Amino acid sequence: MVRLTLLVLAATFVASSSFTPRVFSHRRSSPLFEGGSMKVADAGVVDANVYNVNLEKAAATLTASVQVEKSAVRAPGVPFLDSKSKDYFVDDETFLVSRDGGLGLELLELAGGRDDGFGITIVENVVKGSNAEKAGILAGDSIASVGIPSPSFVFGSGEILADVRDCECRDFDATIAVLSSIPEDVDCIVVNLKRVRRWPKIQLRVEYPPSQCAEGVSNVKDIELFAGENLQRAMLNRGIILDDPGQGKCDFCGKNSCVVSVYGGRKLLNPMGLTEEKLMERNPRCRLSCKTTVGYNMAEGDVNVRVNLSQWSSKEEK
Ligand SMILES: *[C@@H]1O[C@H](CO)[C@@H](O)[C@H](O)[C@H]1NC(C)=O
Ligand code: FES
């Protein structure tokens, strides 16, 4: 067996001398989660790849951040890949890649030129038919670490690899150094990479009781929510006043404004818990907005709700 080059090296080399990781004490890289990245759709309901972006978008979105304080997910002071925009986030992906015949990756340095080797390097091209392509690596991905599996390793078993070599937020040379450090006789490597994805959105249509609108004013407000947002908080944050004296006060919080009825997109909401299910038994169309998450499992689409339910006249049907 002849092993060809480990990598097809980069044709392009864009060095930027002005790379400085941004520093945040409390970094929010996404609207909903702390830390530089998160894994979406663990339940596998939605294929996260529908939110992938192209190479240009990934290159324009990636940045390096540093956390000053330790958090649950990362150490302080170590640069990590992060999204510049709250409309995108950095996701984690892991692939088992054969090295027989080389990986077939072309890398591109987006930022570098520092003595410490920190920078940003992404995959610029995945060679057709290569091992990297077969594994599922895409242009725009950035390699975060490479693991050497034990002989008995089963991919997806959750086994923690003993030998993992980190290359998140490294310049071109430092990334290549990590990839080339893997002994020749290793047939397969576990590649952990960072992939930029668009945050899925929910288009929420909120209908007010028509009686609450002045003549000629629409009783409908359309707002855009991120998948994963709490329905009640999202509406309040966007200036929708929930106050419905005709509704009974809630046993949990004493408010009267929680119940909404759902006219469309119910499958985009989280399933009801037992308590909510019991409370809503006689109102199958309704949800407690404070217990409702939109875009459950990172699903995307349209949701339609009515609020201030006791103020809808019976003709209008709430
Ligand atoms: C809900 O009802 C309250 C009290 O009548 C009112 O002030 C508020 O504007 C209403 N909100 C909406 C969204 O219709
Ligand atoms: S605000 Fe009380 S149950 Fe929702």
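A residue is called buried if 20 or more other C-beta atoms lie within 10 Å of its own, exposed if 12 or fewer, and partly exposed in between, with C-beta atoms placed from the backbone. This is a predicted model, in which local features need pLDDT of at least 70, side-chain atom pairs count only at pLDDT 80 or more, and totals for chains, interfaces and linings use all residues. Residues are numbered from 1 along each chain as its sequence is written, while chains are lettered from A and ligands numbered from 1 in the order in which they are written.

**Chain and confidence**

The chain has 318 residues, of which 33% count as buried. Its secondary structure consists of five helices and 15 strands; helices (H or I, at least four residues) and strands (E, at least two) are DSSP runs, numbered from the N terminus. The predictor's confidence in each residue is given as pLDDT, from 0 to 100. Mean pLDDT for the chain is 85, and 85% of the residues reach 70 or more. Over residues 1–43 pLDDT stays under 50, and the model has 105 contacts beyond four places in sequence for this stretch. Two residues are in contact if their C-beta atoms, placed from the backbone, lie within 7 Å. Of the contacts in the chain between residues at least 6 apart in sequence, 72% join residues at least 24 apart.

**Strands**

Two strands pair if DSSP finds at least two bridges between them. An open sheet of five strands has the order S12-S11-S15-S13-S14, with mixed pairing. Its edge strands are S12 (220–226) and S14 (286–288), each of which pairs on one side only. Direction ignored, neighbouring strands of this sheet are turned by 35° against each other on average, with axes being lines fitted to C-alpha atoms and angles running from 0 to 180 degrees between N-to-C directions. S11 (residues 201–207) and S12 run antiparallel and are joined by seven bridges; Gln203 has Glu224 in S12 as its bridge partner.

Strand S3 (residues 62–67) pairs with strand S4 (residues 80–83) in the antiparallel sense, over four bridges. Ser83 in S4 is the bridge partner of Leu62. S3 is mostly covered, with six of its six residues buried. In a regular strand the side chains alternate between the two faces of the sheet. From S3, Leu62, Ala64 and Val66 point one way, and Thr63, Ser65 and Gln67 point the other way.

**Ligand 1**

A residue is near a molecule if its C-beta atom, placed from the backbone, lies within 6 Å of it. The residues around ligand 1 are Tyr208, Pro209, Gln212, Ile240, Ile241, Asp243, Asp244, Val307, Asn308 and Gln311. By class, this shell has five nonpolar, three polar and two charged residues. Ala, Val, Leu, Ile, Met, Phe, Trp, Tyr, Cys and Pro count as nonpolar, Asp, Glu, Lys and Arg as charged, and the others, Gly among them, as polar.

**Single residues**

Asn308, from the ligand shell, is found in the segment after strand S15 (301–306). Cys169 is found in the loop between strand S9 (163–166) and helix H3 (172–180).

| Residue | Phi |
|---|---|
| Cys169 | near 60° |
| Asn308 | near 50° |

Cys169 counts as buried because it has 29 C-beta neighbours inside 10 Å. Asn308 is buried too, with 25 other C-beta atoms within 10 Å. Gly248, in the loop between helix H4 (231–237) and strand S13 (259–264), counts as exposed because it has 9 C-beta neighbours inside 10 Å. Gly248 and Ser310 are 62 residues apart in sequence, and their C-alpha atoms are 9.6 Å apart in space.
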